Each structure stands twice: as C-alpha cells, then as structure tokens.
Amino acid sequence: MDETVSHALARRMAELARSVAAPRSVEDVLADVTKEVMDLIPGADAAGVLFVGKEGRFESVAGTSELPNRLDELQMLYHEGPCLDAALDELIVRSDDFRTEQRWPRYTAAAVKIGVLSGLSFKLYTTAQTAGALNLFALRPHAFDGEAETIGAVLAAHAAAAILASRQSEQLVSALSTRDRIGQAKGIIMERFNVDDVAAFEMLRRLSQDTNTKLVDVAAKVIDTRGT
C-alpha cells in the first residue's frame, strides 16, 4: 500500500471511528462505509451490505446504487454467490472474472448479463440470527487486488464495530424500558394496595409465575389498569 493511500485510509478510519462513537443509526454508518469503499478502492463501481437471516430472509442495505440490491436478489434466488459465501463462511471472497468463475455458475452468468464482471466480499457480522457481508462490484475483470483486500478488510471491521455498538445500544434501551415499566407497575401496586416496594415486586413475580407470563408483560397490564 503506497504512502498516499495509507494516509488517506488512516484519516478515513479516524473519521469513521468518530461516527461509530456518535449516536447514529447503523444504516447511516454503513452508508458512510460503502461511500468510503468507493472513494478508497478505485476499481469498485458499486458497494453494498447484505444481511442474511434464518430461513433465507435477507436485507440489502447501504447500496451506492441499485446494482448491489439486484445482485443480492440474484444470490438469494440461486442460493449461491460471493456475498453469501462471505456472510456465511469465508472471511474474504474475491472473484477476478465472473465469465470464467466456476464456484457460482448460475449467479455469475446472471451477473455477467447485467455487466458485472468481478467482485470482492468481506465477512461483516455473524450471530445466531444474522450473518452479513460488505460487498464490492466492478464492471471490468480483475478490478481488485491485494491492496483492495486490505483496505476493504479495515472498512469491514469498522462496519462490524458499528453494528455491534448499535445492537448493544438497542439492548440497553430495551433493558431500561423494561426496568421503567416494572417500576411504574410497582408504584401502582404500592399505592393501590398500600404495600412496600418489596411486596409489590413479589406480587408482580407471583402473577408472572401463576399466569406463565413475562414479568414485563404483567407490568404492562398493571400499567394499563391505571385509572380504571
């Protein structure tokens, strides 16, 4: 990697790190990542992110054009392709010429028909529920090299960090919301039955066990009875 590209990558990484730390949506951060891919890897004509869930559900996001979404749809149709391989199995998947590629014959034939000749994909995110990949596409063969792989891998790592941060934030918000609802329900029970907070929580817990209902759902029902 030459010094100019290395300096540009370091500067962009610092900017992306700040964006990850800021309270922004995953979609916004991923859009920044795909934009940076286009700026830093000259061979890329389009970039996007593919998420794959259980039972084949997929979501194509942060595309720099409609092309990534079309290619994602083809891969899900044929159940094969570089983006799927990266999301589900490999860390980096590169194909220099779709016209001679043997790994995904139906997908590559369809991609060539719409003018896409090479691709580069990076594993982005994997949980028990969702896998993902950052994907680059080019309209000419041999568009990507080792330097492109290095730059893309760094950008993919930042995108993965953004997703993880967002998931943790969502879990925290959900936990706080649950705590608040249980607290409200306890307050209603304390006032209504003239009991302390320990007894109020015990009443909620017993109701949860007796009705085989989640504690937070019992709390929501108690809150709904307020004023009745």
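**A tour of the cores and salt bridges**

Begin with Leu30, Val49, Leu124, Leu134, Leu136 and Phe144, which touch the most other members of the 27-residue largest nonpolar core; such a core is a set of buried Ala, Val, Leu, Ile, Met, Phe, Trp, Tyr and Cys residues joined through side-chain atoms within 4.5 Å. Buried means under 20% relative accessible area, exposed over 50%, and partly exposed in between (1.4 Å probe, protein chains only). The model is predicted: local features need pLDDT of at least 70 and side-chain atom pairs pLDDT 80 or more, while totals for chains, interfaces and linings use all residues. Residues are numbered from 1 along each chain as its sequence is written, and side-chain values use heavy atoms, without hydrogens and water.

Next, colour α2 (26-40), β1 (46-53), β4 (118-126), β5 (130-138) and α6 (146-193), the elements that each give two or more residues to this core. Helices (H or I, at least four residues) and strands (E, at least two) are DSSP runs numbered from the N terminus. The most, six residues, come from α6. A second, separate core of 21 residues includes Ala46, Leu67, Tyr107 and Ala133.

Then select Gln75 in helix α3 (residues 67-78). Gln75 is buried, at 0% relative accessible area.

Turn now to the six salt bridges, each a side-chain nitrogen of Lys or Arg within 4 Å of a carboxyl oxygen of Asp or Glu. Asp97 and Arg99 pair at 3.0 Å, N to O; Asp97 is buried at 13%, whereas Arg99 is exposed at 52%. Finish in helix α7 (residues 197-211), where Glu202 and Arg205 lie three residues apart and form a salt bridge at 2.4 Å, N to O.
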